[in-house]
Amino acid sequence: MPARPDPTTHRDVPGPSALPAPGPVAPGATDPVSERDVEVLTEQLGRAPRGVVGVAARCVCGRPLVVRTAPRLDDGTPFPTTYYLTSPQAVAAVSSVEATGVMKEMTQRLAEDDELAAAHRRAHEAYLADREAIAHVPEIAGISAGGMPQRVKCLHVLVAHALAAGPGVNPIGDEALAMVADRWRPDRCTC
Ligand SMILES: [Zn+2]
């Protein structure tokens with residue numbers, strides 16, 4: 001029979017909901033996914049999260065904003081969206097910006113502004129490097145997401161990358177974050 005833990009040193013681990021809110025995720029880092037995270041992600045997505053390997057950004061309240069996902073799901077499907085925006089409030093705010101058709105103007109600027117185009121390409125390369133660090137999936141090798149490296153197709157993807165990587169890595173994502181800041185921002189909880 002195993003010895004009982006010494007009551008003077010043993011502390012019961014509280015249930016997931018009783019844990020204090022986790023702190024922010026450092027730029028470029030990934031938090032392990034807790035049971036509580038899985039509960040919140042399921043609520044945010046309306047389904048069980050798939051292929052999640054970590055939490056890449058959190059709201060100040062501790063809830064996940066962005067998850068890092070495996071480039072191949074359990075059923076074998078290649079999954080190029082390595083950083084996935086899960087916060088419904090963030091998704092809605094970004095959707096409202098997308099609805100103005102700003103991606104067309106952003107793509108046009110990429111064609112005219114060499115510096116911006118180079119930064120967008122570096123973001124693409126950083127995105128791919130992060131994915132390769134998880135696993136190599138030949139079907140999506142060299143293909144990032146969100147329209148990178150030459151276009152801007154999905155701001156949700158670029159915002160998710162900007163939140164995960166921190167400022168200065170994904171310039172269009174940073175720009176989109178600034179555009180939604182009056183409605184949604186990661187340092188002010190609206191969950
Ligand atoms: Zn929050």
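Trainee: Which strands does helix α5 lie across?

Mentor: Helix α5 (residues 155-165) lies across β1, β2 and β3, at about 110° to β3. Contact means C-beta atoms, placed from the backbone, within 7 Å. Helices (H or I, at least four residues) and strands (E, at least two) are DSSP runs, numbered from the N terminus. Axes are lines fitted to C-alpha atoms, for helices over the stretch in contact; angles run from 0 to 180 degrees between N-to-C directions. The model is predicted: local features need pLDDT of at least 70, side-chain atom pairs 80 or more, while totals for chains, interfaces and linings use all residues. Residues are numbered from 1 along each chain as its sequence is written.

Trainee: What is the strand order in the open sheet?

Mentor: Strands of a sheet pair through backbone hydrogen bonds, either parallel or antiparallel. Here the order is β1-β2-β3, with antiparallel pairing (at least two DSSP bridges between two strands). β1 (52-58) and β3 (83-85) are the edge strands. β1 is joined to β2 (residues 64-69) by 5 bridges. Val 55 has Val 67 in β2 as its bridge partner.

Trainee: Which residues of α1 are buried?

Mentor: Buried means 20 or more other C-beta atoms within 10 Å of a residue's own; exposed means 12 or fewer; partly exposed is in between. In α1 (residues 35-45), Asp 37, Val 40, Leu 41 and Gln 44 are buried. They fall within an arc of 100° (directions from helix axis to C-beta atoms), so they line one face. They pack against β1, β2 and α2 (88-98). The face turned away carries exposed Glu 35, Glu 39, Thr 42 and Glu 43.

Notes: Contact = placed C-beta atoms within 7 Å.
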